Amino acid sequence: MIFQTETLGEHMAAAVSGLDLGQDIDDETQDALRRVLNDSLVLCIRDQHLAPVAFRDAMARFGTPMLRKQLERTPECAEVNIISSEDRDTLGDGRRLVNGANWHTDDSFMRAPASLTMLYGVVVPSQGGDTQFTNMYAAYDDLPDETRRKIDGLQVVHKYHSRRQITDVSTRPPEEMAAMPAATHPLVRTHPETGRKALYLNPNRMDHVVGLDAAQSDRLFDALIEHATQPKYQYRHKWRKGDVVIWDNRCTMHKANADYPDGERRLMHRVIVAGTEPV
Ligand code: OGA
Ligand code: MN
């Protein structure tokens, strides 16, 4: 199958058009999509019309879809979650929740966080609601040698409710919290497919560096976060209805923006696929 590829950001992100993910995709085309994703870190596939089961099945070509209990799911398909302007903290005080309003990588509090996340733009606002991404390979590569030597080999404890939590996260029942113990991950990880090293930060879930106290951990985290989120490493996705955006959590961070006009809706369908333990 032939598709067109267009570069989106200056240093990352590509858009593909001319493909219908609701149809069978041959292995060669699927491999080509995977290569674009590995090279571009963020892959947008334009103009899709996918019911939840078809969306899940298309994303299953990239990995094994996982159930995500913390988010609302579509009635048609349990592996397809809903991210919406109408999200509320239903088990807490009912306040509005904007999922991922600060820089993060998905689910780093898990031992084996999702490798990829896919969002499908079902209803997009007339303006605003962009998703920002930052390139964690480039952020790592640009660090001074001395810093790289210092941080290679450090381990970080990540928690669902971390000491440094900045984003409002949904209230979970106690039995679910018990099933989410802290996870320890390398601060610099090697991507299992590209072999490239990337900074692995999650400002919202990192608690401390193993062997460092809170103040020392904070100084290092703050400096690395400031470095990695500089505009020069970023791509900002402006959504079109029908976009399927796939990002690689192993080498990017991302951030939602709830800045669209009051009363406008934003509705995304979401799939995550299984990853391995970061090394
Ligand atoms: C997510 C997420 C960002 C957005 O689904 O993991 O962070 O712009 N979404 O909705
Ligand atoms: Mn996210």
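A charge is said to sit over a ring if NZ of Lys or CZ of Arg is within 6 Å of the ring centre and within 35 degrees of the ring normal. The legends below describe close-up views of a predicted model.

**View 1. Two arginines placed over tyrosine rings.**
Arginine 148 lies over the face of tyrosine 140, and the distance to the ring centre is 5.6 Å.

A pair of aromatic rings is described by the distance of the centres and the angle of the planes. When the whole structure is searched, four aromatic pairs are found. One of them joins phenylalanine 55 and tyrosine 120 in a tilted arrangement, with 5.4 Å from centre to centre and 45° between the planes. Because phenylalanine 55 belongs to helix H2 (residues 52-59) and tyrosine 120 to strand S5 (residues 116-123), this pair ties together parts that are 65 residues apart in sequence. Phenylalanine 55 counts as buried, since its relative accessibility is 0%, and tyrosine 120 is also buried, with a relative accessible area of 7%.

**View 2. An edge-to-face pair between two loops.**
Phenylalanine 109 and tyrosine 160 form an edge-to-face aromatic pair, in which the centres are 5.1 Å apart and the planes make an angle of 85°. Phenylalanine 109 is placed in the loop between strand S4 (81-84) and S5, while tyrosine 160 is placed in the loop between strand S7 (155-158) and helix H5 (174-178), so the pair ties together parts that are 51 residues apart in sequence. With a relative accessible area of 2%, phenylalanine 109 is buried, and tyrosine 160, with a value of 3%, is buried too.

**View 3. A cluster of three aromatic residues.**
Phe133, Tyr235 and Trp247 are linked into a cluster by ring pairs.

**View 4. An open sheet of three strands.**
The sheet is open and is formed by three strands in the order S12-S6-S14, with antiparallel pairing. Strand S12 (234-237) and strand S14 (252-256) stand at the edges and have a single partner strand each, so one side of each is left without a neighbour in the sheet. From one strand to the next, the twist averages 20°. Between strand S6 (residues 131-135) and S14, the antiparallel pairing runs over five bridges, and here glutamine 132 stands opposite lysine 255 of S14.

**View 5. The site of the manganese ion (ligand 2).**
The manganese ion (ligand 2) is coordinated by three residues, namely His104 through NE2, Asp106 through OD and His254 through NE2, at 2.1 to 2.2 Å. Along the chain, the donors of this ion follow the spacing H-x1-D-x147-H. Since aspartate 106 lies in the loop between S4 and S5, whereas histidine 254 lies in strand S14, this pair ties together parts that are 148 residues apart in sequence. Both aspartate 106 and histidine 254 are buried.

**View 6. Aspartate 107, a residue with a positive phi.**
Aspartate 107 is found in the loop between S4 and S5, and its phi is near 60°, which is a positive value in a residue other than glycine. The residue is buried, because its relative accessible area is 4% and the word applies to values under 20%.

Serine 40 is part of helix H1 (residues 27-40), and it is buried, with a relative accessible area of 12%. If residues up to four places away in sequence are not counted, serine 40 touches Met12, Ala13 and Ala14. Leucine 41 is found in the loop between H1 and strand S3 (42-45). Phi of leucine 41 is near 75°, again a positive value in a residue other than glycine, and leucine 41 is buried, with a relative accessible area of 2%.

**View 7. The surroundings of glycine 129.**
Glycine 129 lies in the loop between S5 and S6 and counts as buried at 1% relative accessibility. When its neighbours within four places in sequence are left aside, glycine 129 is in contact with Trp239, Asn257, Asp259, Tyr260 and Arg266. For arginine 266, the separation from glycine 129 is 137 residues in sequence, and in space it is 7.5 Å from C-alpha to C-alpha.

Note on methods
Residues numbered from 1 in each chain as written. Chains lettered and ligands numbered in written order. Predicted model: local features only at pLDDT ≥ 70, side-chain atom pairs only at ≥ 80, totals over all residues. Heavy atoms only, no water. Phe/Tyr/Trp six-rings, centres within 6.5 Å; stacked < 30°, edge-to-face > 60°. Helix = DSSP H or I, 4+ residues; strand = E, 2+ residues; numbered from the N terminus. Buried < 20%, exposed > 50% of the residue type's maximum accessible area, 1.4 Å probe, protein only. Pairing = 2+ DSSP bridges. Axes fitted to C-alpha atoms, helices over the stretch in contact; angles between N-to-C directions. Donors = N, O, S within 2.8 Å, 3.2 Å for Na, K, Ca; no water. Contact = heavy atoms within 4.5 Å.
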